[in-house]
Amino acid sequence: MRFRRKLLAVFALTVFLSVATVAGIVSTMTRRSFERANAQSTTALVAQFRREFKRRGEEVVHRVETIASSEATTRMSLKLNHGSPDYGAYLNEAKSLADNQQLDFLEYVDGQGTIISSAQSPATFGYKENFAFAANLPKDAFLKQEELAGEPALGLSAVRQVNIGDRPLYVIGGRRLDKDFLASLELPTGMRAMLYRNVGDLPFAPQFLTDASGAVPDADRIAQLIEQVERQHQDATSLIHWSSDPADDETVHAIPLAGQANQLLGILLVGSSRRPYVELRQHIRSAALLAGGAGMVLAVILSGWAAARVTRPVEQLAQAAREVAGGNWNAQVAIQSTDELGELAASFNRMTSQLLEQKERLVQTERVAAWRELARRLAHELKNPLFPLQLTVENLLRARQQSPEQFEETFQESSSTLLAEISNLKTIISRFSEFSRMPQPHLQSVDLNEIVQNVARLFQVQLHPPGRPPIGCKLELAESMDPIAADPELMHRVLSNLVLNAMDAMPEGGVLTLRTCQKDDRAFISVSDTGIGLTPEECERLFTPYYTSKSHGTGLGLAIVQSVVADHSGRVSVRSEKGRGTTFEIELPKRSTLSP
């Protein structure tokens with residue numbers, strides 16, 4: 001991945017993580033704030049309900065006390081204490097008094113619990129009231145299950161005792177807790193109150209659940225919460241999903257309402273809509289996406305600017321480095337700033353200048369060293385035949401002076417020696433002359449496998465010399481080897497030199513292995529032996545002209561190999577281990593352009 005893309009990725013990732021982190025933190029804080037505000041609103045609403053409940057209870061108590069102290073009640077109590085009164089005369093008495101005091105429920109009950117008159121259920125005249133008349137009647141209002149129009153209803157009731165004579169009279173009155181009561185509660189925006197009337201041990205009944213507007217749609221969704229409160233008789237909270245839209249979700253807090261004997265008569269449910277939170281969360285996400293998009297655009301702009309600011313000088317440095325690697329030691333980089341990049345460019349320019357100076361000094365040093373090595377090698381090579389020449393001439397002079405009659409015989413022998421050594425001198429001079437006049441390759445399409453096979457056949461006899469251990473030859477040639485552009489004669493000469501070196505390295509016999517292979521656009525030839533091997537120091541100097549590790553030779557064979565391979569735009573390398581053998585590998589390009 002290029003630096004520009006990496007920089008863009010870093011900027012984009014930074015913006016994304018920053019926006020995501022901020023959005024996550026804001027969303028979390030918003031949710032916690034909403035839940036805290038919701039809990040506070042629920043607590044306030046419950047407290048309001050309790051205050052309203054108490055106020056309504058005090059109002060009911062006052063109205064019941066008013067009825068208990070009324071003239072009609074007093075007259076009814078007096079008649080109950082004189083003989084056997086006719087209860088039928090009071091059948092509609094409770095109805096008129098209840099209407100007068102705006103009570104939904106009103107009953108007159110004698111000391112034995114017999115209903116004398118009932119405003120809500122006149123037909124219960126003469127029946128027993130299920131209210132438990134204890135010694136100490138409750139002073140405050142209490143919840144009581146009532147029957148209204150044949151249906152159960154939850155009422156806020158109060159009871160007062162009228163004591164005139166020996167037979168007490170009880171006045172029980174109350175007001176109904178229904179949607180009108182819920183509508184009278186002042187609710188914050190997004191909250192509502194619901195009331196469920198619990199009827200005995202009956203399972204959940206949707207018709208018993210109401211809010212300020214009447215029946216609650218899809219009441220079954222809240223059944224599990226109500227059943228939980230009925231089992232545990234304690235507050236409970238649940239998240240109710242009214243639809244697939246999260247904005248319709250509602251957090252509902254359920255509060256049990258107990259009667260005089262601690263029996264569960266109803267459940268107050270306070271619902272808080274999550275729509276404000278969901279909408280706020282959507283706004284936060286939209287803002288985060290907008291900020292993220294703007295951040296991405298800004299990241300692209302900043303990364304482009306930073307990349308241009310940073311990478312352009314680096315690319316110039318890289319281009320200059322490639323020029324230096326290609327041989328242009330005069331490459332320089334323009335200094336456009338005084339910061340670290342400018343210092344880097346200045347350092348690069350100083351480096352190339354110093355390299356150029358060192359190159360010139362090195363070239364001069366190498367030139368002097370090459371001439372010295374050439375002089376040393378020539379002196380060594382010419383000294384060997386010159387010494388016999390000198391001795392032969394001296395023998396001729398001595399024979400002519402001491403024994404003229406034997407001069408003719410000595411002259412014949414000495415002439416043969418002189419000619420042989422002169423021929424040796426000519427051979428040495430020819431080798432050096434040949435190296436200095438290496439021809440340029442004449443490229444044509446050649447099959448490397450065929451060249452390797454020809455070289456192997458050429459040396460087949462020399463691999464099994466009489467009186468010496470034989471050398472085995474293995475050919476490991478790649479199948480379907482593509483032709484390459486090369487000079488067949490020069491490549492034949494290269495392989496011949498390498499094979500001769502391998503044979504010289506195995507005086508005690510061994511195995512010579514010739515291999516070919518191709519990888520992508522490169523062809524490879526390797527010559528391996530199992531001979532005495534070379535040291536790392538010898539491997540480093542092996543391709544130096546006139547260097548040899550043998551006791552005989554000019555040291556030009558491997559120099560010729562390297563020269564030919566270089567003229568083919570290839571490279572030659574050596575791997576060796578002392579005592580285990582040596583491998584020379586030639587790498588050549590599969591060029592398609594041939595010389596005319």
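Predicted model: local features only at pLDDT ≥ 70, side-chain atom pairs only at ≥ 80, totals over all residues.
Which residue in S15 does lysine 474 stand opposite?

**First stop: helix H5**

Begin by selecting residues 223-232, which form helix H5. Colour Ala223, Leu225, Ile226, Val229 and Glu230, the buried residues of this helix. They lie on the same side of H5, because the arc that they cover around the axis is only 165 degrees. Now turn to the face directed away from the buried side, where the exposed residues Gln224 and Arg231 are found.

To see what the buried residues of H5 pack against, display strand S6 (191-197), strand S7 (209-211), strand S9 (236-240), strand S10 (250-258) and strand S11 (264-273).

**Second stop: an open sheet**

Next, display the five strands of an open sheet with mixed pairing; their order is S13-S15-S16-S18-S17. At the edges are strand S13 (471-476) and strand S17 (571-577), each of which pairs on one side only. On average, neighbouring strands in this sheet are turned by 15 degrees against each other, with direction ignored.

Select S13 together with strand S15 (residues 510-519): these two strands pair in the parallel sense over six bridges. Here the opening question is settled, for lysine 474 stands opposite threonine 513 in S15.

Finally, select residues 557-567, helix H12, which packs on the sheet and touches S17 and strand S18 (581-589). Viewed beside S17, helix H12 has a direction that makes about 140 degrees with that of the strand.

Terms used
Residues numbered from 1 in each chain as written. Heavy atoms only, no water. Buried < 20%, exposed > 50% of the residue type's maximum accessible area, 1.4 Å probe, protein only. Helix = DSSP H or I, 4+ residues; strand = E, 2+ residues; numbered from the N terminus. Arc of directions from axis to C-beta. Contact = heavy atoms within 4.5 Å. Pairing = 2+ DSSP bridges. Axes fitted to C-alpha atoms, helices over the stretch in contact; angles between N-to-C directions.
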